[in-house]
Each structure stands twice: as C-alpha cells, then as structure tokens.
Amino acid sequence: MLPELGQAALLLALVAALLQALLPLAGAAGGRASWMAVARPAAYAQLALLLFAYAVLTLAFVQQDFSVKYVADNSNSLLPMVYRFTAVWGAHEGSMLLWVLMLAVWNAAVALWSRRLPEVVMARVLGVIGLVAIGFLSFLAFTSNPFLRLLPAPLEGHDLNPLLQDPGMIVHPPMLYVGYIGFVVPFAFAIAALLEGQVDARWLRWARPWTNVAWGFLTLGIMLGSWWAYYELGWGGWWFWDPVENASFMPWLAGAALIHSQAATEKRGSFGGWTLLLAIATFSLSLLGAFLVRSGVLTSVHSFAADPGRGLFILAFLAAVIGGALALYVLRAPGLPQGRPFAAASRETLLLVNNLLLTAACAMVLLGTLYPLLADALALGKVSVGPPYFGTLFIVLMAPLVLLVPLGPLTRWQQEQASRPLALLLPWLGLALALGAVGYFMAPQGPLKTAVGVSAALWVGLGTARFAWSRLRASGRAFTPEMLGMVLGHAGIAVFLVGALLVEAQHVQREVAMSPGDSARIGRYEFRLEGVERVQGPNYVADRGLVQVFRDDRPLALLHPEKRAYASGGQIMTDAGIHAGVFADAFAALGEPLGNGAWAVRLQVKPFVRWIWAGALLMALGGFVTATDRRFRRVSANSPAPRAGARGGTD
Amino acid sequence: MAGNRHLASAVIAAVFLGLVGLLLYGVLVSDRSDRDVLPSPLIGKPAPEFSLPVLHEPGRLVDSRELLGQPYLLNVWGSWCPGCRVEHPVITRLAETKRIRVVGYNWKDEHADAMRWLEQFGNPYWLVLVDYDGRKAIDWGIYGAPETFLVDAQGIVRWKHVGPIDEAVLERDLLPALDAIGVPR
C-alpha cells in the first residue's frame with residue numbers, strides 16, 4: 001500500500017510543479033498577482049510530497065519489502081542497516097528520486113529566501129525552476145518509477161553494488177547532486193533577467209550566493225568521490241578522467257568561471273551578457289552530466305543501466321531547456337547594456353582571462369569526453385581518449401591561471417598600473433622560486449617536479465596571504481566575508497597544488513611478496529606483515545592482513561588491508577589499509593596469495609596526498625563563506641534599482 | 001558590432017545543434033540492444049594476424065598461428081576500464097568451466113597496473129597478450145574495452161561483443177555461439 005502512496009506523491013508533486021511553472025510565469029507576463037502567488041505554496045507542496053515519497057522508499061529498504069522491484073534489485077537480507085538507508089540512491093531510479101528531492105529543497109529554499117525580491121522576479125525565478133522540475137519529475141514518474149512492484153515478491157533480493165557499500169559513498173552522491181542541481185538557481189535568475197530584458201546589478205547580487213553555495217557543494221561532492229576512489233579502488237590514485245568524473249568536473253569548471261564573472265558583472269557591470277550565457281552553460285553542463293551518466297550513450301563506463309527510452313526522454317528535455325534558454329539569450333542579449341570600459345591592465349582583464357582559461361578547460365574536457373562518440377558518428381575510426389590527453393591539456397591551460405591567481409585580488413578595477421601589483425608580489429615570487437630551488441636539491445626523487453610544485457603552491461599561497469595582509473593593515477576598510485571567502489578559495493588552490501604536485505613527484509610504490517614476519521622499507525617507513533586472517537563480514541568473507549608500520553623505527557600504525565569476496569555475485573573488492581598523516585600516507589593493499597602463507601602486497605608512501613582534499617575543502621568553504629556576506633541580502637525590493645556597476649565600493 | 005552578434009548567435013546555435021545531434025546519434029546507437037549489431041566486418045573472416053608479447057613473460061612473443069587448432073575467446077581489457085571490472089566475475093566463471101581458452105588482450109595499459117589488476121581480482125586468462133600502443137587493436141577494430149571476440153579452431157572470427165559480458169549476454173549470446181561452433185560442453 002505504502003509504495004502506491006509514494007507513487008501517488010510523485011504524481012502530485014508533478015502537478016505542483018506544473019502549477020508552479022505555468023501560473024506564475026503567465027502571471028508575471030500578464031501582471032496577475034494572484035497567479036504569481038501560487039509559486040511559493042506550490043514549491044513547499046513539492047518538497048513535502050517528495051519528502052514523503054523518499055521516506056516511503058527508505059522504509060521499503062529498511063523493512064526489506066522485496067515486492068518493490070527496486071528494493072529487490074538493490075538490497076538483500078544480509079545488507080547492514082546503514083546501507084539500507086544509502087541503498088535508496090544506489091541505482092538509477094532511487095538516485096533520480098534523490099535528485100528531484102534535492103531540486104525541491106533548492107526550490108523551497110529559493111521560495112523561502114526570496115521575500116525581498118520583487119514579486120515579478122520571484123514568480124519568474126520559481127516558474128523557471130518549476131519548468132525544470134516538470135522535466136525531471138515526469139522523467140522519474142514515467143520512465144524510472146522506483147515504486148514498481150515485483151509480484152510475486154522474491155524471498156531474497158540481489159545486493160547493493162559492493163562498490164557502494166562504503167562510508168565515503170554515503171555522502172558522495174547527495175553532495176554531488178546538491179551541487180549539480182543547485183546551478184538551477186543562477187540559471188533561473190538568468191532566464192528571469194532575460195525575460196525582464198535587463199540585467200541589473202540586483203539579480204546578480206541575489207543570484208551570487210546561490211551560485212557559490214551550489215559550487216561549494218559540488219566541490220565537496222567531487223572531493224568525496226576522489227577520496228573514495230583513493231582508498232576503495234585500492235590504486236592510490238585520486239583522479240582518473242573517467243567520463244563520469246568528467247561529467248561532474250565540467251559544471252565545476254564552468255561554475256568556477258561563473259563565480260568570478262558574476263562578481264565582475266555585479267560590481268562593474270562588465271560582461272553582463274557573458275555572465276548570463278555562463279549561467280545557462282553551467283546548468284546545461286549539469287544536465288549534460290546527468291544525461292551522460294544515465295542515458296547509456298557512453299557505454300561500458302558506469303553502472304546505470306542503459307535504456308534508450310530514458311536516453312531519448314532526457315535528451316528531449318535537455319534540448320528543450322538548453323535550446324529554449326539559448327534562443328531567449330540570442331533574442332534578448334543584444335539589448336543588454338554594455339558595462340563600463342576598462343583598460344588592458346585591470347582586474348576585469350584578469351577575470352576575463354580567468355574565464356577564458358576555465359571555459360577552455362571545460363571545452364577541452366567536453367571534447368575529450370564526447371570524442372569517442374564523435375569519432376564513431378563520423379566514422380573516423382574507433383578511439384579512446386585517456387589521461388595523456390586530459391592531463392597534458394589541463395596542465396597547459398591551468399598553468400597560466402595559477403600564475404595569475406595572486407595578481408587578481410591585488411589589481412584594481414577598471415585601470416591599473418601593471419607595475420604596482422607586480423612590485424608588491426615580486427619578493428614573494430622570489431621567495432617561492434628560491435624555496436622551489438631548495439626543494440630541487442632536497443628531494444629524494446623527482447627534483448624538477450618537486451621544484452615546480454613547491455614554487456607554484458607557494459606563489460599562490462604567499463600571493464594570497466600578501467593580499468589578506470595588505471587588506472587587514474589598511475585601516476578603515478572592511479574585511480568582508482566575501483573577501484574572506486575569496487582568500488579561502490585561493491588558499492585552497494595553494495593547498496591543493498601542494499598535494500597534487502608533490503604526490504606526483506614524491507610518491508613511492510613497491511610490490512613485494514611477503515610472508516608473515518617479513519619487512520619491507522620505503523624511505524623512513526618500514527612495513528611488517530604480521531599475518532593474514534580470514535574474517536567473516538555481514539555479507540562478505542575477507543582475507544584481512546595485519547601490517548605493522550614503523551616510521552623512523554618507531555611503531556606508527558597497524559593497518560588492516562582487506563580483500564573481500566561478496567556473497568552475492570562474488571565480486572572481489574579491495575579495501576586498502578591506510579594510515580593517514582598530514583605529511584604522508586602509509587598505504588598497504590593485499591594482492592594475491594602466493595602459497596605457503598606468502599602474499600603479494602602493495603605498499604605505498606604518498607606524501608601530502610591529504611592536501612589534495614584539504615585544498616578542495618578550503619575551496620568549498622570559501623564558496624560557503626562568501627555566500628554569507630550580508631551585502632547580498634541588503635538591497636530591499638523597494639529601493640530603487642542601482643544601475644549595473646553603480647556600486648564598486650567594496651573594491 | 002551587429003555582425004559580431006549574428007556571428008555569436010550562429011556559433012551558439014551551431015554548437016547547440018551539433019551537440020544535440022551527436023547525443024541523439026549516441027542514444028540511437030545505444031538503442032540497439034547490443035552495439036555490435038552493427039556487424040563487425042571481421043565476423044566470418046580470419047582473425048587478424050599478430051605477433052604480440054606475453055604479459056607474464058616479457059620477451060616472449062606469441063604468434064596468431066600458435067593459437068590455431070582450438071577455439072579461443074579474446075577478451076580485451078585494461079586495468080583502467082571500469083566495465084572490465086564488472087564483467088570480470090563472469091569471465092572468471094566461464095574460464096573456470098574450461099570450456100574454452102580465454103585469452104586476455106591487455107590494451108593501452110601499463111605493465112605494473114595490469115599485473116596489479118590481475119593480482120587483485122584474479123587471473124582467469126589462459127594467456128595474456130599485450131598491446132600497449134594499441135597498434136594491433138586497429139586490425140581487430142577494437143574501439144573500447146571491454147570487447148570480446150570468439151575465434152574458432154581455424155582462426156575465423158565467429159562472434160563479437162562490445163561492452164561488458166554479463167550473465168544475460170553469456171546465456172543469450174555467448175554460450176549459444178560456443179554451441180554453434182561445436183565447442184563441447
């Protein structure tokens with residue numbers, strides 16, 4: 001009975017979305033206040049209905065109701081309780097439900113915090129979100145119903161994909177989805193602005209915190225995925241340029257560009273049209289990501305089953321949303337006012353270069369991801385595009401960006417003497433290069449990579465600190481949350497560079513055959529295999545190694561690398577034993593038994609690898625902190641709209 | 001200025017339509033229950049000749065002629081390929097039945113990664129051939145991993161599958177294909 005109610009709730013949510021989209025948009029066009037007033041209640045109703053549907057599906061997992069097909073396909077009676085909660089989003093249908101729930105949360109949040117918006121803007125923004133919700137809700141209800149019955153009910157279900165039975169996986173998809181779908185808000189603001197026919201600084205001021213928060217969540221989601229791949233896949237790598245990773249990375253890059261261009265447009269009125277286009281592009285890339293992962297267009301890539309019906313549906317939806325938005329843009333953008341002129345040496349120029357590089361990187365990832373399909377379509381022969389393409393091009397595009405990061409905040413708007421920020425930063429550049437040279441001679445291996453890594457990270461770190469210092473010293477000028485967020489984000493880049501570049505230069509890996517009692521040494525670390533035992537997990541059996549790690553001959557940690565065989569399906573999973581350290585991780589993974597109690601063991605020492613995720617965490621934090629700036633909430637609906645760019649006061 | 005705008009609009013429209021067209025093509029191709037329904041030009045023809053190194057014995061080269069006399073299944077994989085991980089238990093179970101020799105074709109990989117992969121997930125292969133620059137793969141028409149070819153005792157390609165082999169593909173396509181060329185159960 002309950003699953004049927006869940007399904008009914010989905011359909012009612014679809015009705016609410018229809019009301020939320022059609023009435024307020026028509027009301028805004030015709031000036032009918034009562035129609036516009038439907039938007040908020042409809043948004044709240046959607047959230048309530050979807051929360052209910054989600055709770056029903058969760059309950060079906062907890063109670064192991066195998067008469068629901070989705071439950072039977074993705075869990076069995078051995079599945080531990082905590083994974084019954086997370087199994088809800090373990091496959092296509094449930095993760096779509098989570099997706100629309102996240103959309104409803106953003107929707108309700110906009111409804112709640114849009115009281116200061118003029119009624120017409122609010123109606124248009126919520127109306128556009130409603131249109132998007134219609135698409136996803138009908139996709140869910142008509143092609144991917146998670147409440148389908150399986151009668152007669154089987155006695156036992158299959159299992160949740162073992163890859164997903166992991167704490168890191170519990171939070172990774174929700175974070176990612178919050179980020180992905182959060183870009184609907186800047187998108188809706190952009191469409192509302194185009195419908196309005198003007199970009200005033202106000203819509204940007206309202207849209208900015210939403211963009212920052214969505215981007216922050218996306219950063220967290222990608223970070224968790226990378227961390228999970230690091231310890232669960234047992235490879236010790238942290239990024240693979242897998243098409244599904246790329247699908248989340250494209251909106252991240254576009255979102256990073258959007259954050260910067262929104263700031264420029266809000267403060268200076270510069271490149272307003274570009275900012276609108278970028279808001280559309282960022283959300284389009286989120287939709288494209290959802291499409292690529294779920295349509296089966298790139299097969300043999302990820303776990304969601306291919307279904308042409310779903311693929312066509314979501315493609316039609318994608319084409320309608322993106323095509324409609326772009327058509328509106330092409331029609332309306334030429335009428336937008338131009339921003340103030342700016343000199344070649346100015347912060348505007350730097351932001352433009354930032355946007356150019358981030359967009360180019362995004363296009364590069366898009367091309368690489370779709371190229372196999374393109375080559376197939378044009379009968380150019382069959383190709384695969386791998387890390388060499390992505391890695392090389394990405395470094396080429398990001399290196400100039402890293403060089404420019406410290407300059408941006410120190411450069412004035414509109415016009416700047418190029419020598420001033422350069423003079424401020426020169427000593428720090430010198431220090432960064434000098435310490436890089438020290439790294440060159442100190443490094444036990446990979447001296448050149450070490451030197452580049454140290455210099456690049458210090459250049460960004462010191463340059464950002466230089467800006468923060470000069471702001472703090474300058475009396476009478478506030479250090480706003482917006483500025484703090486920027487400093488945190490840029491510091492995050494520095495920390496990330498330490499991790500990414502030094503782990504590349506300094507990591508050591510050895511494959512050794514070890515019998516109990518044997519030791520192997522890597523630099524300051526010594527690994528001793530104490531033994532391997534057979535353990536029984538809830539739904540798997542595992543060989544669990546006991547590896548004692550010493551650093552400088554003092555005991556450091558006891559690692560338990562596992563090799564699990566899951567009961568249903570027989571999939572083998574490795575669970576590496578990792579001792580996490582601020583300056584290095586010690587990593588052991590079990591390979592094959594070699595007979596006579598000996599095992600193949602893979603040992604790694606990964607210096608600074610934690611800094612990769614710490615850096616991402618700082619960037620996300622930067623996004624969140626920026627969003628708390630009161631300035632974004634200050635303008636009341638009644639005050640006259642300041643002309644775009646009229647407020648440049650916060651530098 | 002106006003000319004620029006028309007140009008910009010045209011570029012936006014072209015990119016958009018190009019992308020939609022490409023994705024539509026992708027959906028329509030994925031529509032076929034199995035992408036290799038596009039019949040491989042190799043089927044019914046002799047397998048390409050090759051001479052490839054062996055993963056576990058660097059230095060030894062295996063010639064395609066050495067494989068004649070008994071049918072074999074050529075399974076293209078790489079340690080970097082998630083789909084290969086998915087099909088690995090199925091391939092392993094098939095190999096354990098000893099019904100047919102399963103030859104691994106380690107494609108665009110690194111030696112250490114490939115060894116580690118086999119070490120971790122188990123090695124179901126009778127023999128693993130190595131093609132790291134992917135030059136021979138072109139002759140086979142390999143365009144993704146995993147991909148699997150069935151070659152009969154005379155060296156003729158009899159069946160091909162693109163994408164992971166799951167239980168359904170095994171039961172529906174591969175086992176009948178084995179029966180069809182008379183591989184004893």
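Me: What makes β1(A) and β10(A) a strand pair?
Reply: Two strands pair if there are at least two bridges between them. In this predicted model, β1(A) and β10(A), residues 598–607, are joined by seven bridges, in the antiparallel sense.

Me: Why are β1 and β8 of chain A said to stand at the edges?
Reply: The open sheet has four strands in the order β1-β10-β9-β8, paired antiparallel. β1 (508–514) and β8 (577–579) each have a single partner strand, so one side of each lacks a neighbour in the sheet. On average, neighbouring strands here are turned by 20° against each other, direction ignored.

Me: Which helix lies across β1, β9 and β10 of chain A?
Reply: Helix α3 of chain B, residues 111–121. This helix runs at about 65° to β9(A), residues 584–595.

Me: Why is α3(A) called roughly antiparallel to α6(A)?
Reply: The axes of α3(A), residues 39–62, and α6(A), residues 92–112, cross at roughly 150° and come within 9 Å. Angles over 145 degrees count as roughly antiparallel, so the label applies. The crossing is left-handed.

Me: What residues, by class, form the contact of α3(A) with α6(A)?
Reply: The contact has 16 nonpolar, three polar and one charged residues. Residues of α3(A) in the contact include A:Arg40, A:Tyr44, A:Leu47 and A:Leu51. On α6(A), A:Gly94, A:Leu97, A:Val100 and A:Asn107 are among them. Arg counts as charged, so A:Arg40 belongs to that class.

Key: Residues numbered from 1 in each chain as written. Chains lettered and ligands numbered in written order. Predicted model: local features only at pLDDT ≥ 70, side-chain atom pairs only at ≥ 80, totals over all residues. Helix = DSSP H or I, 4+ residues; strand = E, 2+ residues; numbered from the N terminus. Axes fitted to C-alpha atoms, helices over the stretch in contact; angles between N-to-C directions. Contact = placed C-beta atoms within 7 Å. Parallel < 35°, antiparallel > 145°, perpendicular 65-115°, else oblique. Left-handed = near helix turned anticlockwise from the far one by under 90°.
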